[in-house]
Amino acid sequence: MNIAVCDDIKMVRQGIVAECERIREQMEVEYNIFEYENIQELKQNLGNIDILLLDIEIGEDSGIDVKNYIEEMRLDIIIIFITSYDSYIKESFGINVLGFIDKNEVKEKLPAYLSKAIEIKEGSNFMVEGLNMRTVKYVQSDGAYVRLISDDSREALHRVSMNEMEKILVDHDFCRAHRCYIINLRYVKKIITVGHGKKYVVIDDKRLKVSDKYVYKFMERYKSYCLKELKNI
């Protein structure tokens, strides 16, 4: 596993690296640590990074732009912002962002964040039909199969029933929304109400209906997911 630290201030960057080394010894886990002082150098090496500890303002460049680039390129990198710029937090939200740490609280907060990121990465190797399920936006019924719809436009068929697939995904951030759909909650852009109280999940530019049978459970599950994510801020 590779962890990268990107900050243009050498003293700050080295302090974060030292803390990562201390955490590595305490947790008795194996990971490599890399340092980057600018966005250009970082972007050239994104393909080798699993977890990114990123400042928001890096010289004249923006860590938010890096976050947007990672999401646009569909890279499976967990981002933890380490910054002094609270005013940018709203802009920094994203499906790759685990949370935010003030630079004055690195020693106190980084161990928990890094532990969680490592746990996610180790669990993200949950593969079905060659697809990492963390990158699957939703599962759709397709006769005797289920169709897995990935965020990089790939699809795969898996021969199980929707009920069986729901049981497989019970310990992950998926929830049944309809007899035909199981949705990855991390890809939910918003939930809208149409007509006579009918609810739809918006993923990218696609609307997926939440049926009356599943609406209460889905809304509660999504609320719990959002609260869990907010705790990471």
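Guide: Let us take strand β6 as the part to examine. Both of its faces are covered: I78, I80 and I82 on one side are buried, and so are I79, F81 and T83 on the other. Buried means under 20% relative accessible area, exposed means over 50%, and partly exposed lies in between, with a 1.4 Å probe and protein chains only. The strand spans residues 78–83, and six of its six residues are buried. In a regular strand the side chains alternate between the two faces of the sheet. Helices (H or I, at least four residues) and strands (E, at least two) are DSSP runs, numbered from the N terminus.

A word on the model itself is needed here. This is a predicted model, in which local features need pLDDT of at least 70 and side-chain atom pairs count only at pLDDT 80 or more, while totals for chains, interfaces and linings use all residues. Residues are numbered from 1 along each chain as its sequence is written, and side-chain values use heavy atoms, with hydrogens and water left out.

Next come the partners of β6. Two strands pair if DSSP finds at least two bridges between them. Strand β3 (residues 51–54) pairs with β6 in the parallel sense, over four bridges. Strand β7 (residues 97–102) also runs parallel to β6, and five bridges join the two. I80 illustrates both pairings: L53 stands opposite I80, and in β7 the bridge partner of I80 is G99.

A nonpolar core is a set of buried Ala, Val, Leu, Ile, Met, Phe, Trp, Tyr and Cys residues joined through side-chain atoms within 4.5 Å. The largest such core has 21 residues, and those with the most contacts inside it are C20, Y31, I51, L53, I80, L110 and L114. Two or more residues come from each of β1, α1, β3, β6, β7 and α5. The largest share, six residues, is given by α5. Apart from this core lies another, of 19 residues, with I49, I56, I77 and I79 among them. Contact here means heavy atoms within 4.5 Å.

Side chains of opposite charge can pair when their charged atoms come close. A salt bridge is a side-chain nitrogen of Lys or Arg within 4 Å of a carboxyl oxygen of Asp or Glu, and by this rule the count comes to 16. One of these joins D76 and K121, at 3.5 Å from N to O. D76 lies in the loop between α3 (63–72) and β6, whereas K121 lies in helix α5 (residues 106–123), 45 residues apart. D76 counts as partly exposed, at 23% relative accessibility, while K121 is buried, with a relative accessible area of 8%. Salt bridges that share partners join D50, D76, K121 and R134 into one network.

Another salt bridge is formed by E35 and R13, whose closest N and O atoms are 3.0 Å apart. This pair links strand β2, which holds E35, to helix α1, which holds R13, across 22 residues. E35 counts as partly exposed at 36% relative accessibility, but R13 counts as buried at 7%.

R13 is also among the residues in contact with D7, as are Y36, D55 and K103, when neighbours within four places in sequence are left aside. D7 is placed in the loop between β1 (2–6) and α1, and counts as buried at 1% relative accessibility. The side chain of D7 makes a polar contact with the side chain of K103, at 2.9 Å. A polar contact is a pair of N or O atoms within 3.5 Å; within protein, one must be able to donate a hydrogen and the other to accept it, and residues adjacent in sequence count only if both atoms are side-chain atoms.
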